[in-house]
Amino acid sequence: MLTSIADGLLCCLMGKTPNAVGPLESGESGDGFSFVEVKPGRVLRVRHIAPARPAGAEEAAQKAGAVHCRRRITVYRNGQVVIENLGDSVRADILACPEGVEPSSTVELEVSDPHPGPPASPAAPAVKRRRHKPKKLIDIDCTKFISSCKGSHSDVVLFFIHGVGGALDIWKEQLDFFSRLGYEVVAPDLAGHGASSAPRIAAAYTFYALAEDMRTVFKRYAKKRNVLIGHSYGVSFCTFLAHEYPDLVHKVIMINGGGPTALEPSLCSIFNMPTCVLRCLSPCLAWSFLKAGFARQGSKEKQLLKEGNAFNVSSSVLRAMMSGQYWPEGDEVYHAELTVPVLLVHGMHDKLVPVEEDQRMAEILLIASLKVIDEGSHMVMLECPETVNTLLHEFLLWEPEAIPAGDGLAAAKK
């Protein structure tokens, strides 16, 4: 700790920036690690495990079940958003939660009036307000064909995206588990994290820059049916890809991702302090993250913070990442437009993301279910790997009731 404080003071006095995380030696390794140049000079470490399949092996055709998605989203000029689910017989089975939204339901989002009038007098008669005209009207009417994603299916790829301060190493238990089951898995290190290159300009860590990195990785490894698994900030990139590639993204899993609100950095955040000050405070930040990110703070949890490249991020990168979380397009309407099935996983003891936010996300998303793990916190995939792996695998194997081939063709033409 004293060493970190001394380095930070030296940084302030000498005007130097702390060392940035750099890439390891490029090339392929036996563990499936490779380096992908997403832009000139911008290299990401990616772990890609593809199972060996017999040449010429052909799989039997899969019968996909159908989900008819019908929804109307109305945005009014005063900021009010009304989301109407127009009925779906399958939705009740997907939302197998006690507090799930019913098939034919209406979700209203009220935003405070930017020009409020004077408060009404108690004695004044009630005035009937005129209904505002819609500013934007979105109708969704499509049929989604959803099938089971087994490890034996050669057209299925699982993408794992970590959040701020992490690395692909946080997915170790999941990568090992699903690769053993025969799944093809892909997990990148975000720029400045793990063993990826760390540009020294803050603009390299905006949401849009990181999203384009994930787009490049996705397009490089994507197949016919792709499943996106994101944690915390990584959930936003999964949402972005699912919105951009609705025909390629088959299912999405969001782990402690929070509510469907637009990203915007906090003006009063500790991460707005100078980089050298953050470096001095890095031991305190690590201790605070241990308290907030894990339900327990024992030797096992402390060891998880030290293993591999996970959580080994420089202060300059951390500051740029937190300041670059600006994505106004990712609001409630953006999430409500998604028609891909989503599994929400939340650790009950999470002090960084309240469970109410994921409950709100489950209401906004069209096809979603929420699973809460009582023993977990923000880093639930590290704390409860067996439980998380089981939930994820069940969701991958889930499919709605299969329909005959002829009926499916007819439904697709409607």
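**Figure 1. The whole chain, before we zoom in.** This is a predicted model, where local features need pLDDT of at least 70, side-chain atom pairs count only at pLDDT 80 or more, and totals for chains, interfaces and linings use all residues. Residues are numbered from 1 along each chain as its sequence is written, and side-chain values use heavy atoms, with hydrogens and water left out. Of the chain's 414 residues, 48% count as buried (under 20% relative accessible area; exposed is over 50%, partly exposed is in between, with a 1.4 Å probe and protein chains only). You'll find 14 helices and 12 strands; these are DSSP runs numbered from the N terminus, with helices (H or I) of at least four residues and strands (E) of at least two. Take the contacts (heavy atoms within 4.5 Å) between residues at least 6 apart in sequence: 77% of them join residues at least 24 apart.

**Figure 2. Inside the largest nonpolar core.** A nonpolar core is a set of buried Ala, Val, Leu, Ile, Met, Phe, Trp, Tyr and Cys residues joined through side-chain atoms within 4.5 Å. The largest one here has 48 residues, and Phe237 and Val252 touch the most other members. Helix H4 (residues 207-221) supplies the largest share of this core, with 7 residues. Which residues does Phe237 contact, leaving aside its neighbours within four places in sequence? They are Ile161, Leu190, Phe207, Leu210, Ala211 and Met214. Apart from this core lies another, of 34 residues, including Ile170, Ile253, Ile255 and Ile373. As a bit of background, nonpolar side chains tend to be buried together in soluble globular proteins.

**Figure 3. Asp213 meets Arg42.** The structure holds 11 salt bridges (a side-chain nitrogen of Lys or Arg within 4 Å of a carboxyl oxygen of Asp or Glu). In this one, the closest N and O atoms of Asp213 and Arg42 are 2.7 Å apart. Asp213 sits in helix H4 and Arg42 in strand E2 (residues 42-49), so to speak distant parts of the chain, 171 residues apart. Are these two buried or exposed? Both Asp213 and Arg42 are buried.

Figure 4. Arg45 belongs to strand E2 and Asp189 to the loop between strand E8 (184-188) and H4, so the bridge ties together parts that are 144 residues apart in sequence. Arg45 is buried at 5% relative accessibility, and Asp189 is buried at 0%. A network of salt bridges links Arg45, Asp169 and Asp189.

**Figure 5. Arg225 reaches Asp155.** Here's another salt bridge, with 3.0 Å from N to O. Arg225 is in strand E9 (residues 225-231), while Asp155 is in the loop between strand E6 (134-146) and strand E7 (156-161), so the pair joins parts 70 residues apart in sequence. Both Arg225 and Asp155 are buried.

Figure 6. Cys69 is buried, with a relative accessible area of 1%, and Cys238 is buried at 0%.
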